[in-house]
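Hi,

Here is the structure I said I'd pass on. Have a look at it first, then read on for what turned up.

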Amino acid sequence: MAASSLQPPSEPRNVLGEPLQECGCAPLTGWFRDGYCHDDPADFGRHTVCCVVNDAFLNYSRAQGNDLSTPVPAHSFPGLRAGDHWCVCAARWLEAYEDGMAPPVRLECSALATLQVIPLEVLRGHAA
């Protein structure tokens, strides 16, 4: 969950080709922990999909070895609850989609780079 020393893009775009909107600040999300799901070359997980997490996805993610519900104070991570907005790894979201467990997506807050992993039609089908 370490942030890059690079700065986010100056004019980032979302999957709709429009200016990228804020995903969430309570808890503060994003690779840069600035509330946005920016793309960054140092982010190999590509945390570019803004989701409205739900219990099904949180349980699924925990079962896959990524517990997003449990607080990690050492990393200032409060743990997520259903309804929180969070920048999720594109590959993990796609995996959850293929397993029928994908949470809703906020298209206006999901970075354009997401489309390198997930087709827009699939994202539209899960739009929040």
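Strand 2 (residues 85-89) is largely enclosed by the rest of the structure, because 4 of its 5 residues are buried. Buried here means under 20% relative accessible area, exposed means over 50%, and partly exposed is in between (1.4 Å probe, protein chains only). Helices (H or I, at least four residues) and strands (E, at least two) are DSSP runs, numbered from the N terminus.

Before you go further, note that this is a predicted model: local features need pLDDT of at least 70, side-chain atom pairs count only at pLDDT 80 or more, and totals for chains, interfaces and linings use all residues. Residues are numbered from 1 along each chain as its sequence is written, and side-chain values use heavy atoms, with hydrogens and water left out.

Back to strand 2: its partner is strand 1 (residues 47-52), and the two pair in the antiparallel sense over 5 bridges. Two strands count as paired if DSSP finds at least two bridges between them. Across that pairing, Val-52 stands opposite His-85 of strand 2.

Next, helix 2 (residues 90-98). Its buried residues include Ala-90, Arg-92, Trp-93, Leu-94 and Ala-96. The cover over the buried residues of helix 2 includes strand 1, helix 1 (55-63), strand 2 and helix 3 (120-124).

The largest has 23 residues, and Trp-93 and Ile-118 touch the most other members. Two or more residues each come from strand 1, helix 1, strand 2, helix 2 and helix 3, with helix 2 giving the most, 4 residues. Setting aside neighbours within four places in sequence, Ile-118 is in contact (heavy atoms within 4.5 Å) with Val-49, Ala-90, Trp-93, Leu-94 and Leu-123. There is also a second, separate core of 5 residues, among them Cys-23, Cys-50, Cys-87 and Cys-109.

Gln-64 sits in the loop between helix 1 and strand 2, and it counts as partly exposed because its relative accessibility is 36%. Not counting residues up to four places away in sequence, Gln-64 touches Arg-92 and Glu-95. Its C-alpha is 9.7 Å from that of Ala-96, 32 residues apart along the chain.

Gly-100 follows helix 2 and has a positive phi, near 75°. Gly-100 lies in the loop between helix 2 and helix 3, and is exposed, at a relative accessible area of 60%.

Cheers

Key:
A nonpolar core is a set of buried Ala, Val, Leu, Ile, Met, Phe, Trp, Tyr and Cys residues joined through side-chain atoms within 4.5 Å.
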